[in-house]
Amino acid sequence: MVDTHTPAAPAAPSAQPGQRRPLPLWAALLAAAAAGGTMLVAFPPYGLWWAAPVAVALLALAVHRRRLRAGLGLGFATGLLFFTPLLSWTNLHTGFVPWLLLSVMEALYLGLLGAAGAWLSPLLDRRDLRWNPAGWAWPVAVAALWTGQEWLRSRTPFGGFPWGRIAFSQDTSPLLRLAAAGGAPLVTFAVTLIGALLGYAVLRGAGAGPDPRRAVAPLTAVAAALAVAGLAQLVPHAKPDGKAVYVAVVQGNVPRLGLDFNAQRRAVLDNHVNATIALGDRVKAGTARRPDLVVWPENASDIDPLRNPDAGQLIDRAAAAVGAPILVGAVLYTPETGVENAGLVFNPGRDISDPVQKYVKRHPVPFAETMPLRSIARMVSKEVDRVTDMTAGTRPGVLTVGPATVGDVICFEVAVDDLVRDTVVGGGQLIAVQTNNATFDEAEARQQLAMVRLRAVEHGRDALMASTVGISAFASASGVTSGETQFDTPAVILAELHLSNRRTLATRLGAIPEYVLAGLAVAGLAAATWVRRRRPAVEEES
C-alpha cells in the first residue's frame, strides 16, 4: 500500500527571545534614507557634527538581519542621499552627469558597507539576553567596517577620493582631539563606534521586554558611548615648541568664477601682486607689521613665472615691496616634465638666475587634473578635453620659506593622510594648504577648511589655508581657526603662528591605526561567518 500522506512543511523559524526581526521594509528604507540626510548635515556648511553617529546608528538598524542584497541596496540608498548633495559643488560648471557618476561611485562603497553590516547580524543575535561577549563585538565590528570602507574608498579607483570621510565632519567636535593619537581613521572609528553603540542599545532594548534586568545591556551600551566621548578628552592637544613667525595670506580673487578662471590668468596674477604691494606700502607706512613670509594660493600665477620673465618680475617686485619671501602657487610648463601644479618660493632680491625651490603636486585629481579613460570620459562630458594631464611630483612638499620650514600641500591633497604626514616627517614646521576654489563654491571651501583643522590637530602644527577666492584662514594646533575670509572677496590676513618640531603619536604611527582598524573589520566579518556556520542561520528577510 502506497502512503499518499504528504508531510507538512516545516514551520518557518521564529525569532527567539532576545532576537529581533528586521525592521519592516518600509521602515528600513526610511531609516536608510534618514541616515543619508543625517550624515549630510554633520558636514560643513551645516556642521552638526553630532549627527554623524546618529546616521551610523540609523544605517545599522536598517540593515540588521537583512539579506546581503537588501543590505547592499539600503547602504547604496544611504550613500546616494549623502554623497549627491555633499558633492553638488562638482556640478557647478561641468554639468550634472560627472556629478551624478561620482556620487553613484562613492555611494557604491556605502552599499558594500550595508551588505557587510547585514552579514554581521549573527554576532548580535542570541537565544537569550544574558551577558553575551560576542554581542559586544558587534558595535566594534560595525565601527571597524566604516573605517575599512573609508580606507578602501580613499585608495580606489584611480588613487581614490577621500572626500566625505566621517572624520572630516568633526572639526568642531570634542572627538577631534583623537586625531593627535591616531589621525583621521581613529576619529572615524570613535564616531562610528558611538553610533554603533547607540544602534546596539536600540536593538537590545527593543527585545528586552518587561524584565528590568534586561535593560542592563542597552544602558551599558549608552554608558559605553558616553565613555568613548569622555576618553577622547584625555588626549592632549600638542603644543608647538618652536618660535613664532608672522604670516600673511593673500587672497587675490578672480574676475569671475568658473572653469575659465585660468583664461583670466594675468588678472589673477595682478590681483595677488597688487595686494602684496599694498601690504608692503602699509608696512612702510607703519600701519602693518612686516610678515616673515607670505603665502599665495594655488593658481595665483597660471603664467609660468620661470619661463615668462614678465610674470617672474612681477612676483619679484611684490616680494621686494613686502620684504618677505612668497610661497607662490603656479602652473609650470616645460617640454621635459609637461604641465605641473607647483608651489614656488620667491625670495626678495633674488637673482633671476637663482634656482627656485619647488614642490610639485604629487596627487593630481583624477578627471580634473588628469583624465583616465579619456576616450570613454569624452562620451560623458564635452568638458573632458579642457583637462590637461598634469605631471605628478615625486617629493614631499618641504620648503624653506624665510625663517620657517613649510609643509606644503596643494588643494585636495589635504584629504590624503600620507601626503600631509610626509611633509611633517620631512621637517615641515607648519602646514600650508594652497588651494583654488574658483571652480567650486563656499560649501566645498568649508569642507576643505575642516580638513585643514583636523590636520593641524593630527600633527600638532599650526596651519593655514590660502585660497584664490576663499575661504582662507589660519588654524592653530588645537584646531581653532582665525582670520576666516569671505568667499569670492579679495583679502589679506595676517597672524602669528608658532613653528614646531615635535611629532604627535599620530605622526609617528602613520597608517598603522588604519591598518589595525581595517584588520578588525576583516576579523568581524570572519567571526560572523563562523557564527553562521556554527548554528542554523536566523530567519532573514529581504
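Predicted model: local features only at pLDDT ≥ 70, side-chain atom pairs only at ≥ 80, totals over all residues.
Q: In what order do the strands of the open sheet run?
A: The order is E5-E4-E3-E2-E1-E12, with 6 strands in mixed pairing.

Q: And which strands are at the edges?
A: The edge strands are E5 (358-360) and E12 (491-498), each of which pairs on one side only. From one strand to the next, the twist averages 35°.

Q: How many bridges join E1 to E12?
A: Strand E1 (residues 244-251) is joined to E12 by 8 bridges, and the two run antiparallel. Within that pairing, valine 245 is opposite leucine 497 of E12.

Q: Which helix lies across E1?
A: Helix H9 (residues 265-285) does; it also lies across strand E3 (326-334) and E12, and runs at about 140° to E1.

Q: Changing topic: where is glutamine 448?
A: Glutamine 448 belongs to helix H13 (residues 442-459).

Q: Is glutamine 448 buried or exposed?
A: Glutamine 448 counts as buried, because its relative accessibility is 0%.

Q: What does the side chain of glutamine 448 join in a polar contact?
A: Its partner is the side chain of threonine 435, in a polar contact of 3.0 Å. Beyond its neighbours within four places in sequence, glutamine 448 is in contact with residues including Trp163, Phe412 and Met465.

Q: On to the rings. How many aromatic pairs are there?
A: The count is 11 aromatic pairs. One of them, tryptophan 89 with phenylalanine 412, is edge-to-face, with 6.0 Å centre to centre and 85° between the planes.

Q: What about phenylalanine 161 and phenylalanine 412?
A: Those rings form a tilted pair, because their planes are at 55° and their centres 6.4 Å apart. Phenylalanine 161 lies in the loop between helix H6 (133-153) and helix H7 (179-206), 251 residues from phenylalanine 412. Phenylalanine 161 counts as buried at 11% relative accessibility, and phenylalanine 412 is buried with a relative accessible area of 9%.

Q: Which residues form the aromatic cluster?
A: The cluster consists of Trp89, Phe161, Trp163, Phe412 and Phe440.

Q: Finally, what lies over the face of tyrosine 246?
A: Arginine 289 does, at 4.2 Å from the ring centre. Likewise, arginine 532 has its charged end over the ring of tryptophan 119, 4.0 Å from the centre.

Methods:
Residues numbered from 1 in each chain as written. Heavy atoms only, no water. Pairing = 2+ DSSP bridges. Helix = DSSP H or I, 4+ residues; strand = E, 2+ residues; numbered from the N terminus. Axes fitted to C-alpha atoms, helices over the stretch in contact; angles between N-to-C directions. Contact = heavy atoms within 4.5 Å. Buried < 20%, exposed > 50% of the residue type's maximum accessible area, 1.4 Å probe, protein only. Polar contact = N/O pair within 3.5 Å; in protein donor to acceptor, adjacent residues only side chain to side chain. Phe/Tyr/Trp six-rings, centres within 6.5 Å; stacked < 30°, edge-to-face > 60°. Lys NZ or Arg CZ within 6 Å of the ring centre and 35° of its normal.
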